Every structure is written in C-alpha cells, then in structure tokens.
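The sequence and the structure come first.

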Amino acid sequence: MTSSVTIQSHDGVAVLLVDSPPVNALGIAVRYGLRDGMREILDNPAYGAVVVACAGRTFVSGADIREFDLEMSGPGLDEINALFENRSKPVVAAIHGVALGGGLEIAMGCHFRIATREAKLGQPEVKLGLIPGGGGTQRLPRAIGPVRAVELIVSGDPIDGTEALKLGLIDEIFEGDPVTAGVAFAHKVLTERRPFRSLRGDDSKLVPVRADRSLLTEAAAKAMKRNRALDAPQACAEAVGWCLDAAFDEAVRREWELFARLKDGAQSKALRHVFFAERNSSKITGVAADVRPRKVNSVAVIGAGTMGGGIAMSFANAGIPVKLVEVAQDALDRGLSTVRKNYESTAARGGMSMDDAARRAALITGAIGLEQVADADLVVEALFETMQIKKDVFERLDKLAKPGAILATNTSFLDVNAIAAMTKRPYDVVGMHFFSPANIMKLCEIVRGAQTAPDVLATAAAVARRIAKVPVVVGVCHGFVGNRMLLVRIAQARKMLLEGALPQQVDAVATKFGMMGPFAMSDLAGLDIGWRSRKDSGETSPIEDALCEGGRFGQKTGAGYYRYERGSRSPTPDPEVDALILDTSRRLNITRRDISDTEIHERLIYPMINEGARILDEGIAERAGDIDVVWLYGYGWPAQTGGPMFIADQTGLAIVAERLRYMAGLDMDETLRPAPLMERLAMAGGTFASLK
Ligand code: 3H9
C-alpha cells in the first residue's frame, strides 16, 4: 500500500480510497496502491464487497500525464482492472467530480458505477493525441454500445451523470459523500444478492452493430470530421472497431500498442505540452496565491465597433450584464444591431436557440456618454487604436469611474503605461487585449503595466477565465507578444512576394501546416487600416500599398491579395495581382527567384521564433509556453504542433539559429540574426522550455 491509497473498513465493505491531490491522477504510487490494496481486500474474508472512491475534489482524472515522458513502469491498468474484475467480490466505483481517461477505465473495470448528477465521465485522450490505453476502447462500447462509444472517444467530450445513467454507463445517481454513498450501494448489492458482471464478458450491446457494421462506420466518420489534421481520432475509431471482431484480450493488447505508439509520436507530445502550457500560463509571477481578485458584477465596454461588440458578447455569453457605451446614438445603434444580427445568425445556423440568442442580446444594453461607466466594476475601452484618443478617454475615466474600478484598455499595440499615466490610479489600469472576432477567439493578453496592482492583474485574469477566455499575462512593448511576433511574420511574407513567391504559394505552405495563410488573413482583416497608418508614418509596403491604391482592401471590397466572388469568403488567386507583384519586383530591381516551400515554411516560422526569444529575454512573456498559448488561442496556430517555441525546442535551437544566420545573410537583414538568448541556449544545448 502507498499513502495515496488506503483501505477503510465499513461494516464488511472495504473502501479503497485514493487520495492523491490535486486531481487523483493515476501516478505510479496510486497504481501500486490500487493493485496492492485490491489484493489485500480480495484475500481478506472480512470484506464482502469493495468500493473504489476518491478523496478531494474529484474521482480519478486519468493517467498522470507527466509520466508519459518517462519510461513506463509499475502496474498497468490492465493488471489492476483484472483484479477488479475478479468475480469473487462485487466492486463499486463511486464517482464525484470527474472520471476521465484512465479514471473512467478503472471505473469500468468495476462491476457497478454510481455517480453524482454533475459528475463528468469521458475518455478525453484524443485531446492529448492519444487513444484510451487502459481498455477504454473495449469496455465503453460494451457499456453503452459501440455507436455512442465511438462518438465519445473520438470527440473526447465527457457526459454528465444524468446522461451516463441513461446510457447505462452507471447504475445509480447519488448525492453527497462518495464513500457513504458507495458503501450504502455495496450493502444493497450484498443484501439483495445482486448478480454482478464485468463488462469484458458482456457483448450484449455489441450484437446489433455486429449485425450491421455500417452503424459504427457512419458514426465514426461523422465524429472524425471535427479533427482531420490529427492522427488520434482515426486511431480511436479504429480501436473501437476492434470490439466487433477481435477477442477482448487481443483488442486490449492492440489498444495498448497503438496507445504507446501515439504517446511517443510528435502530435501527442505537442498536445501534452499545450495541456501544461495552458495551465502554467495561469500562474502569474508577482501575484501571491492569497491575492484576492476584486468583485466584478458590472461591466462597461467603451466603443460599439467590431471589437467592442465582440467583447460585450463575450461577457453576455457568460451571463454577465454589460453596458455598451458610445458617444453618438447612431454608432451605438449600429453596434447593437450588429450584436443582435450576430446572435440571430448563430441561432439560425443552429449554434444556439432563438431564446438563448435573445437572452444574451438582452444582457447588452446601450448607453450614451462616458459618464455611464460610473457604476461599472470593470471598464474595457475598445476604441480606435490612436494614442491620443486613448489618453483622452482614460483621463476622463479617471474622473468618472468609481474608486476601485478596473480600467482596462483593449489596445493591441500601444503603450499601456502611457495610457495609465493619464490617470491618478495607474495601479488600476491594465491591458485586456482581445483577439478578433472577440466573441470567438479564446485568447486575452493581460497586459501588465509598470504599476498595475497584483489584485488588478488577478482580477483581469479571473474575469477573462469567467468569460471562457485563456488569459496570458504579458508585458508592455509594441504589439505585446502576439502582434509583435505577427509583424515579423508578415514582414517575411511580404518580402518573399518581392523576392519570387506569390500569395497563393505562401498561403498554401501555411495552410498545409495547419493555419490560415498570412495573405488570406490580411484580406480578412482588411488592408486599408495598415495602409492609412503607413501613410501617416511615412512607411511603405510596396505591394500592399499598390493593392490599396487600386481599391483592393481585402474581402470587404471583393479583392485584395485575392479575388472574392460576391458573397464568398474563399480566396481565388488573381492574375492581376500576380502581374502587379512581378511588376513591383521589376520596379525595385529585385531579380525574382524560385522560393521553395521549405524556405517559405522556415521564413514564416523561424524569424517569429527569434522575436519570441527576444520577448522572453526582455521578460515580456514569462515562459516560452505562454508564447505558444498566445499563438494557439489568438491566431489559430495548429495545436498538434505545440506552438512556435515548442517547435523550436523540438527542432533544436542550434538548427534554428543556423537557419536564421543563413536567412540574415541571404537578406542582409541583421534583425534575422539569432537573438542573444537563442545563441546562448543553442551553444549550451538548452531549450526555451528549460528556462521556466
Ligand atoms: C489517460 O488517462 C490515458 C489512459 O487511457 C491510459 C493510461 C495507461 N495528469 O486543470 P486544472 C494537474 S490520459 C497530471 O488546473 P481543473 C494540472 O496540470 C489522461 N496532472 O484543474 C494542474 O497542475 P498545476 C486523461 C494533471 O479543476 C492541476 O492538476 N485525462 C492531470 O480546472 C489542476 O488541474 C485527462 O486528459 C493529469 N491527468 O480541472 C484529464 N490532470 O496545479 C486532464 C490535471 O501544477 N485533466 N493535472 O498546474 C483535466 O481535464 C483537468 O485537469 C481536470 C481538473 C478536469 C481534471
């Protein structure tokens, strides 16, 4: 026995209690504890039945993911489940919180399962690039039928206790303490002499699908649609299919082999990195664990434009009433009407009910005049990206907002310290940078000003989480983490057009990698905003300027880097643009050359990683994983690659540095030389992840 698993005796019933905070993962100590504990109970005639239950906030949350990078050792789930399934004594799993992955697999090794109504049961392995590896692909189809099983395993989405009862995954719902409920249920089983069976020997729910396999193939094909770029969904479907023709033990052996192969593969490693990076990003340096966030019950968003409307919708979606503040009635009316239309079209597409859409829209009320922020606990300014406008507004907010209110700016580039300096309460000022479309994209960069108070940071992060965003704390610099790196990426993309590539070639490389191409993205965002600001600053971008001068502002004008048929968002390469690009190169005396897809890929990624290294060195991001989270949730970076900084670590920083040196020479661009931090790490054979 280990200290993580103990045996309690309850009047003839043994409780095998797992207590391994925070989430009772199946680390090696827990697995030894379960195995040895069960052996002891089975050998002890004083016990007629067994309850497997957990202390703390949840039942077993799955395998200990941290151990996947180590050599696998200790008892496996098959060995533990074989003991549980031993028919000499009934075993009851009492589930509260979650039973996920290996947690559900352990529960399915038991003869009975009871759960709370709110419990979440599922096989989320696919989200880590895996298949269930402890018999889940074989026991779940036997518990609920292969069709529902393949849906749950391929999607990785959990079901609650109520649904689990309906499907036959659990036997009963309980309320209150799992040990008490489990023991009561076990006594009932003993008193009633209920027959008990193990799922491994019960093929009854497989019979109809064995007779008509198309039921399973169709369900699998439908479930796999969501994640085409990943290997795991396909593997999950394949493994569930084995329940129809392979013997149980043979199928479980194959399942383990496939699990182990995926575990050691690049996609799963990347997705596991994302899992931990996301969790680490919520830890904010300098904010002690006992810092309490301020209460936020009322929110005002200033500016009813696209961003302001999207931000307001994010609050409304979380059930938080929000005041949308404008200076002019017509701007407010336009903003509110856009919000309403957005909700209506989501409802029309089946994304939510009409009632729900109306309820959410009703949470957003319009107000005219900045003084309307007076009762707000949180004010989010979402006006034009012009410093003077922001400064004026914050100077006024300082006088109008109530004491203790948090004053957030949604600036995407500007100096939050300069904005905060317009107030007498710079400690209450913070950046909350949402990404477009703000009601959809999950990232929120929380920009820490020089004087932002710890509880303001904690509140901004907590509020972001409340509205289902992923907050990442970043420091002040031009463009923070995401946009600062984006600028570097876009600069390279534009250079490649001048040197020999065409937009469709560059975008195809990005799309193959798994994200939207930089030119399709520019067309979506609109080319005119950058063009106007370049005119003000005297900067140039020869090809894009020429496009804009010809009225090609992107999707909104039906033409930009591509052509768009009326009402369509799909880009069509345009010979006119190709000619314009060739002509611009000629005009600038640039001899065009063939640029390979490999070069495009490296130039889109390595310079931005280099900028990421500078960002880390300057302390603008706290960890390399934070930068990855920014790109995953703010820009649609493909999760199965782990993010730019993870790619750099996996590639090897010495290789990345070498390629950057080559690019710098090619381009005679000193900014492409490896950043000092990258050089240092490359020399020492280190990684960004090791910095922490
Ligand atoms: C599996 O089971 C494979 C099997 O089929 C076969 C095996 C042979 N391992 O999310 P939180 C840590 S694959 C290690 O903030 P919440 C987490 O990093 C697994 N650590 O809490 C964090 O640590 P820290 C299938 C884990 O309440 C802390 O716990 N299971 C694990 O918002 C709190 O986490 C899954 O994929 C783990 N399994 O949510 C479930 N889980 O404090 C993955 C959590 O140092 N887990 N941690 O940052 C979850 O979905 C959520 O964590 C959970 C709790 C819902 C459990």
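## Terms and model

In what follows, contact means that heavy atoms lie within 4.5 Å. The model is predicted.

## Packing of α25 and α27

Under that cut-off, Y606, M608, I609, G612, A613 and L616 of α25 meet P644, M645, A648 and T651 of α27. By class, the residues of this contact divide into eight nonpolar, two polar and no charged.

Two packed helices are described by the angle between their axes and the distance between the axes. Helix α25 covers residues 597-617 and helix α27 covers residues 644-651; their axes come within 9 Å and cross at roughly 100 degrees. Angles of 65 to 115 degrees count as roughly perpendicular, and α25 and α27 are therefore roughly perpendicular to each other.

## Packing of α27 and α28

Helix α27 also packs with helix α28 (residues 653-667): the axes come within 6 Å and cross at roughly 105 degrees. That angle makes α27 roughly perpendicular to α28. On the α27 side the contact is made by A648, D649 and T651, and on the α28 side by L653, I655 and V656. The residues of this contact divide into four nonpolar, one polar and one charged.

A648 and T651 of α27 are listed in the contact with α25, and A648 and T651 are listed again in the contact with α28.

## Packing of α19 and α26

Helix α19 (residues 482-499) packs with helix α26 (residues 624-634) at an angle of about 75 degrees, and the axes are 10 Å apart. This makes α19 roughly perpendicular to α26. From α19, the residues G482, M485, L486 and R489 meet I627, V630 and W631 from α26. The residues of the contact divide into five nonpolar, one polar and one charged.

## Ligand site

The ligand is surrounded by 26 residues, and the closest are R57, E105, E125, R279 and K283. The shell divides into 14 nonpolar, six polar and six charged residues.

A polar backbone atom of A63 is 2.8 Å from an oxygen atom of the ligand. For G102, a polar backbone atom is likewise 2.8 Å from a ligand oxygen atom. With E105 the atom involved is a polar side-chain atom, 2.8 Å from an oxygen atom of the ligand. On its own the ligand has 1000 Å² of accessible area, of which the protein covers 74%. The elements that give two or more residues to the shell are α3 (102-109), α11 (248-263) and α12 (266-280). Helix α12 gives the largest share, three residues.

## Backbone geometry

Most residues other than glycine have a negative phi, and most peptide bonds are trans. The peptide bond from P21 to P22 is cis, with omega near 0 degrees. P22 is in the loop between β2 (13-18) and α1 (28-43). N24 lies in the loop between β2 and α1, and phi of N24 is near 55 degrees, a positive value in a residue other than glycine.

Another cis peptide bond runs from S436 to P437, with omega near -10 degrees. P437 is found in the loop between β15 (429-434) and β16 (443-448).

Methods. Residues numbered from 1 in each chain as written. Predicted model: local features only at pLDDT ≥ 70, side-chain atom pairs only at ≥ 80, totals over all residues. Heavy atoms only, no water. Near = heavy atom within 4 Å. Polar contact = N/O pair within 3.5 Å; in protein donor to acceptor, adjacent residues only side chain to side chain. Areas by Shrake-Rupley, 256 points an atom, 1.4 Å probe, with all protein chains shown as cover. Helix = DSSP H or I, 4+ residues; strand = E, 2+ residues; numbered from the N terminus. Nonpolar A, V, L, I, M, F, W, Y, C, P; charged D, E, K, R; others polar. Axes fitted to C-alpha atoms, helices over the stretch in contact; angles between N-to-C directions. Parallel < 35°, antiparallel > 145°, perpendicular 65-115°, else oblique.
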